2 protein chains.
Amino acid sequence: MKGGVESDLLLARRLGIDSQHEAIAFVQRDCPACKSEGFSAHSRVLLQNGQAEIFATLHHVTGDLIGLNEIGLSEVAWQRLGLQEATRLRISHPAPLSSFALVRGKILGQRLNERGCDQIISDIVDGRYSDIQLTAFVTACSSHILDRDETTALTKAMVNTGNVLNWPGSVIADKHCVGGLPGNRTTPIVVAIAAAHGLTMPKTSSKAITSPAGTADTMNTITDVELSVDQMRNVLERVNACFVWGGSLNFSPADDKLIRIQKAIDLDSEGPLIASVLSKKVAAGATHLVIDIPVGPTAKVRSAEAADSLRAHFEEIADHFGITLSVQITDGTQPVGRGIGPALEARDVLRVLRNEDLAPPELRDRSCLLAGALLELTGKAQKGQGTQLARDTLLSGEANAHFEAICLAQGRLSDPPIAEHQRTISAPRNGRIANIDNRRLAKAAKLAGAPEDPAAGIDLHVYLGDIVRQGGGLFTLHTESPGELAYAVEYVVANPGIVEITAP
Amino acid sequence: MKGGVESDLLLARRLGIDSQHEAIAFVQRDCPACKSEGFSAHSRVLLQNGQAEIFATLHHVTGDLIGLNEIGLSEVAWQRLGLQEATRLRISHPAPLSSFALVRGKILGQRLNERGCDQIISDIVDGRYSDIQLTAFVTACSSHILDRDETTALTKAMVNTGNVLNWPGSVIADKHCVGGLPGNRTTPIVVAIAAAHGLTMPKTSSKAITSPAGTADTMNTITDVELSVDQMRNVLERVNACFVWGGSLNFSPADDKLIRIQKAIDLDSEGPLIASVLSKKVAAGATHLVIDIPVGPTAKVRSAEAADSLRAHFEEIADHFGITLSVQITDGTQPVGRGIGPALEARDVLRVLRNEDLAPPELRDRSCLLAGALLELTGKAQKGQGTQLARDTLLSGEANAHFEAICLAQGRLSDPPIAEHQRTISAPRNGRIANIDNRRLAKAAKLAGAPEDPAAGIDLHVYLGDIVRQGGGLFTLHTESPGELAYAVEYVVANPGIVEITAP
């Protein structure tokens with residue numbers, strides 16, 4: 001631009017605003033650079049500092065928050081530009097986002113092809129889509145359901161825009177749960193059993209986005225989960241398996257952005273869900289995969305029909321990527337373990353591995369079912385005998401031995417912390433447990449502080465069908481501060497239906 | 001909430017950030033009120049100050065922008081809460097937005113009924129939808145096209161959430177242009193002709209949202225357009241018609257919010273477009289309506305088929321609301337007047353009304369066509385004779401006399417301002433004008449300063465098919481400052497195809 005240094009360069013200021021994935025820039029409404037370029041509020045703009053360039057959404061500011069020759073940046077804008085200190089930025093109109101024409105076509109019912117998916121996902125990963133544009137894409141993929149070819153193309157595009165790992169050996173085991181069920185922390189147990197049978201299982205897991213705990217949060221209370229790829233290789237060579245937080249490995253980087261929008265509008269549709277799961281598994285190098293789909297009225301998948309359909313589509317797409325798949329449709333009507341929250345779930349995992357009396361039988365059974373499916377899928381067990389073999393591996397202590405070896409190889413084997421503040425919620429009358437609301441239970445655990453406070457969460461004392469007496473404990477809230485305890489108690493008192501009791 | 005004053009009340013701070021329709025609140029990531037309620041970044045929150053309550057989207061902040069017990073508010077949040085000074089606000093979880101379940105249903109292909117539209121539109125008007133939620137609604141209405149009943153229900157809901165005006169008499173005339181064509185400023189001329197024939201025409205118009213001028217911007221360079229309903233009544237009693245900015249009359253308040261999202265993703269679909277237009281006409285009390293649909297490759301409607309389909313749907317829905325409709329499908333391949341921008345378009349309007357030699361013949365002809373259709377529709381002219389009657393009314397000076405009377409009744413009859421800085425762009429070679437890009441022409445007019453600077457814009461010197469000589473003027477840029485002139489010149493130099501010249 002000819003206007004020169006005075007008018008089209010603005011001094012960047014870090015505002016510390018967390019605008020999530022969408023970069024936001026704040027300028028005075030009448031700043032010369034913006035008037036001359038004709039930017040209005042919510043214009044998409046291109047910011048450049050010599051080395052880097054990013055797209056951002058412009059917000060106008062009046063008053064003294066931002067000077068006339070300054071540009072305020074949200075945190076993600078600041079970081080994507082790689083700024084260390086106040087720097088002059090050039091602001092201009094970005095070239096038209098040609099991939100969005102394909103999104104517009106999809107909205108109107110056209111199909112996406114491989115090249116189109118590549119362009120869209122690559123622009124999303126590069127931060128070129130605003131939240132509004134991302135929402136249009138996510139919505140269109142639910143309105144005009146992705147067919148097999150589209151789902152495959154989307155998965156491939158999501159794999160290609162991130163890192164892909166390769167491991168020695170022809171069998172790389174993995175498992176995944178299509179979420180929505182609190183306390184369903186089977187992964188560490190399945191990995192331990194698989195490792196005991198010599199399977200290579202470089203397990204990468206996520207931290208919680210909107211749930212009270214992810215597997216990485218849980219395992220982090222026992223061992224170190226932030227490993228580099230080289231560290232992973234080293235651990236695998238020694239003990240066959242590892243538990244690693246996948247966040248720093250940059251698998252399928254579009255996924256987080258899409259998930260946040262999907263959560264904001266509470267919309268899960270099959271195509272994007274399958275692409276989300278399988279893109280990460282392909283990137284992680286998996287060849288043999290067990291998928292757990294819990295079904296229940298307050299789980300993510302709510303009917304047997306939906307689960308069957310999802311299974312069929314998972315199988316089709318996995319086949320395309322050469323992944324040998326076993327889908328297990330399981331009971332999602334209630335939590336699987338007793339604990340909900342990182343440390344409480346870790347405690348249940350350890351109890352099962354150590355064959356303690358207090359080990360939740362449902363967690364043990366579910367873990368053996370899934371581990372058994374994996375043993376059968378990889379030829380380590382005969383058809384129909386996997387579950388029993390998994391159970392034997394647990395009871396013999398072999399699984400626990402391998403679990404401890406993995407943790408030590410990762411640098412640490414700790415006991416999960418115990419919350420300082422606890423309060424037990426009691427049954428208001430005699431009766432039978434008729435219903436447990438997974439969603440509100442998860443909400444209460446988050447109010448208690450999970451997952452940021454690792455010891456926080458909920459310890460459930462009853463299962464569906466149990467007979468309880470008035471005054472008997474239903475669940476205990478665990479928190480790290482009295483304030484959080486007060487809020488969590490207030491929430492569960494205001495929501496007496498979290499655990500429903502009927503006449504026995 | 002029991003936490004008390006310390007933890008769940010935050011001191012509001014006005015940040016002056018223009019976040020458009022979406023209210024945004026900024027808090028420290030670890031502010032006690034937010035931790036205890038479990039808010040994460042981008043949570044939707046309820047803010048209350050005793051008198052008012054609003055929904056807002058939460059952004060987390062680190063650093064010193066916002067204090068630990070403060071809450072920063074975007075401008076629309078501050079205004080909706082009716083704050084005058086720093087006030088303590090309560091922040092809490094809003095009740096679930098039940099109407100969004102209907103949007104989710106629409107995304108998946110379910111139909112919207114009348115009650116559903118009422119709930120959705122009412123929540124949108126009350127600011128309960130985030131931009132992400134609005135986008136999901138807009139996208140779904142394009143993916144699963146609204147049928148007649150849905151469009152009717154949406155129109156009705158948009159009418160019901162705003163003001164509705166009633167005028168004496170059984171014939172209330174109106175006209176509307178389905179935009180996208182710069183310089184198509186026929187409205188003032190049509191109104192003047194209608195008024196000359198005794199028609200009641202309380203014309204409300206919009207200011208430009210993303211175009212170089214709206215009718216209200218143009219008329220504001222000649223007379224005062226911000227009239228109250230009582231003032232409108234008074235003007236109508238004296239001179240039959242008026243030119244009023246509709247923005248302060250609160251017709252169909254959902255419309256602006258939906259239009260901004262539609263523009264952000266460049267998505268126009270029939271149902272929402274029809275509901276947008278007709279909801280404002282019903283609210284304005286219209287009984288007889290002429291709609292102009294210009295068709296051309298760079299206009300809003302790009303094919304004759306699309307225009308025919310739109311016409312048929314307009315007729316169906318208008319019929320439901322008892323509006324007598326005449327749709328005119330017109331040539332949208334090039335600008336209609338010569339001027340683009342408020343004052344330049346006003347100049348053309350005055351030239352036509354005054355029968356000056358420099359009056360653009362296309363603007364006069366188009367205005368007579370539309371005015372003629374209106375005269376026929378309202379029984380003031382025989383079928384087939386409206387255009388001629390309109391032309392006679394212009395040539396006789398009657399239309400101009402009524403125009404001046406209306407302006408004077410509204411308080412002022414001024415000459416539009418003339419820009420201080422002008423630069424003519426010349427033909428680079430001999431040839432014939434083969435194409436005019438309406439969109440980039442509009443863009444250049446906006447870079448020149450329109451509509452904020454009323455005198456800014458573009459004066460076009462050629463029409464399609466004209467023969468030009470090298471060095472002859474194609475168009476002149478008008479600006480109010482040299483800086484804007486430089487930028488507009490740079491844009492048109494970088495875009496030589498705005499006016500395309502081929503061998504003669």
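Reply: Start with polar contacts across the interface. Between chain A and chain B, 14 residue pairs are in polar contact, both residues being at pLDDT 80 or more. The pLDDT matters here because this is a predicted model.

Me: Which element of chain A gives the most to the side that touches chain B?
Reply: Helix α6 of chain A, residues 131-143, does, with nine residues. By class, that side of chain A has 20 nonpolar, 18 polar and twelve charged residues.

Me: How do I read the size of an interface?
Reply: The size is often given as the accessible area lost when the parts come together. Here chain A and chain B bury about 4300 Å² between them. Of that area, 60% is on carbon and sulfur atoms. The contact takes 50 residues from chain A and 50 residues from chain B.

Me: How many salt bridges does the rule find across the interface of chain A and chain B?
Reply: General idea first. Side chains of opposite charge can pair when their charged atoms come close. Across this interface the rule finds two salt bridges. One of them pairs B:Asp18 with A:Arg29. Their closest N and O atoms are 3.5 Å apart.

Me: What stands opposite B:Asp18 of β2(B)?
Reply: A:His60 does. Look at the strands there.

Me: How do I read the relation between the two copies?
Reply: Two copies of a chain are related by a rotation about an axis and a shift along it. The same surface serves both copies, and 100% of the contact residues of chain A recur in chain B.

Me: Now sheets. How do β1(B) and its partners run, parallel or antiparallel?
Reply: Take the partners one by one. Strand β1 of chain B (residues 9-14) runs antiparallel to strand β7 of chain B (residues 88-92), with three bridges between them. In that pairing, B:Leu10 stands opposite B:Leu89. Strand β6 of chain B (residues 70-73) runs parallel to β1(B), and four bridges join the two. There, B:Ala12 has B:Ile71 as its bridge partner.

Me: What is the order of the four strands in the open sheet of chain A?
Reply: It is β13-β16-β18-β14, with antiparallel pairing. β13 (339-340) and β14 (421-426) of chain A stand at the edges. Each has a single partner strand, so one side of each is left without a neighbour in the sheet. Now take β16 (residues 457-460) and β18 (residues 473-479) of chain A. They pair over four bridges in the antiparallel sense. A:Leu460 has A:Phe475 in β18(A) as its bridge partner.

Me: Which strands stand at the edges in the open sheet of three strands in chain B?
Reply: The order is β17-β15-β19, again written for antiparallel pairing. The edges are β17 (467-468) and β19 (499-502) of chain B. Strand β15 of chain B (residues 431-436) pairs with β17(B) over two bridges. Within that pair, B:Gly431 has B:Val468 as its bridge partner.

Me: How many salt bridges does the structure hold over all chains?
Reply: It holds 42. One case is A:Glu114 with A:Lys156, whose closest N and O atoms are 3.5 Å apart. A:Glu114 lies in helix α5 (residues 114-125) and A:Lys156 in helix α7 (residues 148-160) of chain A, so the pair ties together parts that are 42 residues apart in sequence.

Me: Last, the backbone. What should I look for?
Reply: Look for exceptions. Most residues other than glycine have a negative phi, and most peptide bonds are trans. A:Gln20 is not a glycine, yet its phi is positive, about 55°. A:Gln20 is in the loop between β2 (17-18) and β3 (24-28) of chain A. A cis peptide bond joins A:Ala450 and A:Pro451, with omega about 0°. A:Pro451 is in the loop between α18 (438-447) and β16 of chain A. In chain B, the bond from B:Ala450 to B:Pro451 is cis, with omega near 0°.

Conventions
Residues numbered from 1 in each chain as written. Chains lettered and ligands numbered in written order. Predicted model: local features only at pLDDT ≥ 70, side-chain atom pairs only at ≥ 80, totals over all residues. Heavy atoms only, no water. Contact = heavy atoms within 4.5 Å. Buried area = accessible area lost by both parts, 1.4 Å probe. Salt bridge = Lys/Arg side-chain N within 4 Å of Asp/Glu carboxyl O. Polar contact = N/O pair within 3.5 Å; in protein donor to acceptor, adjacent residues only side chain to side chain. Nonpolar A, V, L, I, M, F, W, Y, C, P; charged D, E, K, R; others polar. Pairing = 2+ DSSP bridges.
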